[in-house]
Amino acid sequence: MTKAIRLFKTGGPEVMEYVDVEVGEPGPGEARVRHHACGLNYIDVYFRTGLYPQPLPAGLGMEGAGVVEAVGSGVTHIKAGDRVAYAGRPPGAYAEARVMPAALLVKLPDSIDFDTGAAMMLQGLTVQYLFHRTFPLKGGETVLFHAAAGGVGLIACQWARALGVTLIGTVGSDAKGELAKQHGAAHVINYNTENFVERVREITGGKGVPVVYDSIGNDTFKGSLDCLSPLGTMVSFGSASGPVPPFSLNELASRGSLFITRPTLFTHTAQRENLDAMAADLFEMVGSGKVKIEINQRYALKDAAQAHVELESRKTTGSSILLP
């Protein structure tokens, strides 16, 4: 038996239960991983509340890092004893150990520790696909990135700086603004004290930006569209403030033939060759020091509910991990 967080119903942080579970042996195409650290991400809240439905009872958590204990038949790219990290479905990372699809696992370089591996996979791979696969940045662009002091945001600030991109980041406090600047944001906008649309127009000399990366959703959607230059691209990749409300396609036409996309990491990593290439890119950025993973919160696995409370109240900065 091993300890894990399980959901028997959806709802607030209190519905997460710390229980004993039977892990068992991996079947064909599976591996059993002993976690050294587990990642904490806003998508976990979506599963916990039922915004993203799944059959119950269920696990929670989309990323982790640890050591392979056993593999099932047909698994050849990893073996028992390998250091690995992953980000992907099905949820279940909030656990001391789990049996999971081996296709999600990538070998973790010796230069990257388990805490960093668990903290960076989902968020780092997200920045990789946003910057290189969704709206490919070549350098020289000015972009708007919401929640710039969060886990994804701090990685994005550093990655943008490495690419020669001018990143305008929105934040919820002056302290978070300083943090984003320290990590490479060229400009920061405190959306609680400033109108971010007006400030973006001011910074860009009225032109707007070619792309907005928005994980906030409901609260920022219309404003994000107003920040785009004609033929600009709206990348809506999260909904921390609630889902984007229904809107008319004329909203895109009236602002200058805008593009809009709602990508997910798991579409981009569905093919093994893409996952390997994206992970290699991330490992290079982190291994070179161009991107440093800021783990600003660590919680015991049994305290997952408290971790969710702090995440949802926007008290956290950078990345958070759970320690089994």
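Modeller: Strand 9, helix 4 (residues 174-182) and strand 10 form a right-handed β-α-β unit. The model is a predicted one, so local features require pLDDT of at least 70 and side-chain atom pairs count only at pLDDT 80 or more, while totals for chains, interfaces and linings use all residues. Residues are numbered from 1 along each chain as its sequence is written, and side-chain values use heavy atoms, with hydrogens and water left out.

Biologist: What makes a crossover right-handed?

Modeller: With the strands pointing away from the viewer, the path from the first strand over the helix to the second must run clockwise. The unit of strand 9, helix 4 and strand 10 is right-handed in this sense. Helices (H or I, at least four residues) and strands (E, at least two) are DSSP runs, numbered from the N terminus.

Biologist: How do you know that strand 9 and strand 10 are joined, and in which direction do they run?

Modeller: Strand 9 (residues 166-171) and strand 10 (residues 187-190) run parallel and are joined by four bridges. Two strands pair if DSSP finds at least two bridges between them, so the four found here qualify them as a pair. Val 171, for example, has Asn 190 of strand 10 as its bridge partner.

Biologist: How many disulfides does the structure hold?

Modeller: Zero are found in a search of the whole structure. Cys 157 is in no disulfide, its nearest cysteine sulfur being that of Cys 227, 16 Å away.

Biologist: Why is Cys 157 called buried?

Modeller: Buried means under 20% relative accessible area, exposed over 50%, and partly exposed in between (1.4 Å probe, protein chains only). Cys 157 has a value of 0% and is therefore buried. Cys 227, at 0%, is buried too.

Biologist: What makes the contact of Arg 83 with Asp 110 a salt bridge?

Modeller: A salt bridge is a side-chain nitrogen of Lys or Arg within 4 Å of a carboxyl oxygen of Asp or Glu. The closest N and O atoms of Arg 83 and Asp 110 are 4.0 Å apart, so the pair meets the definition. This pair links distant parts of the chain, 27 residues apart: Arg 83 is in strand 5 (residues 83-87), and Asp 110 is in the loop between strand 7 (106-107) and helix 2 (114-134). Asp 110 has 73% relative accessibility and therefore counts as exposed.

Biologist: Which other salt bridges can you cite, and how many are found?

Modeller: The whole structure has 15 salt bridges. Among them, Arg 199 meets Glu 194 at 3.1 Å between the closest N and O atoms, and Arg 255 meets Glu 251 at 2.6 Å. Glu 194, at 29% relative accessibility, is partly exposed, as is Glu 251 at 21%. A network of salt bridges links Glu 25, Arg 32, Arg 34 and Glu 69.

Biologist: How do you know where the buried residues of helix 9 lie?

Modeller: In helix 9 (residues 272-287), the buried residues are Leu 275, Met 278, Ala 279, Leu 282, Phe 283, Met 285 and Val 286. Seen down the helix axis, they fall within an arc of 160° (taken from the directions from the axis to the C-beta atoms), so they line one face. Leu 275, for instance, has a relative accessible area of 5% and is therefore buried. Glu 273 and Gly 287, on the other side of helix 9, are exposed.

Conventions: A disulfide is a pair of cysteine sulfur atoms within 2.5 Å. The expected span of a helix is 1.5 Å times one less than its number of residues.
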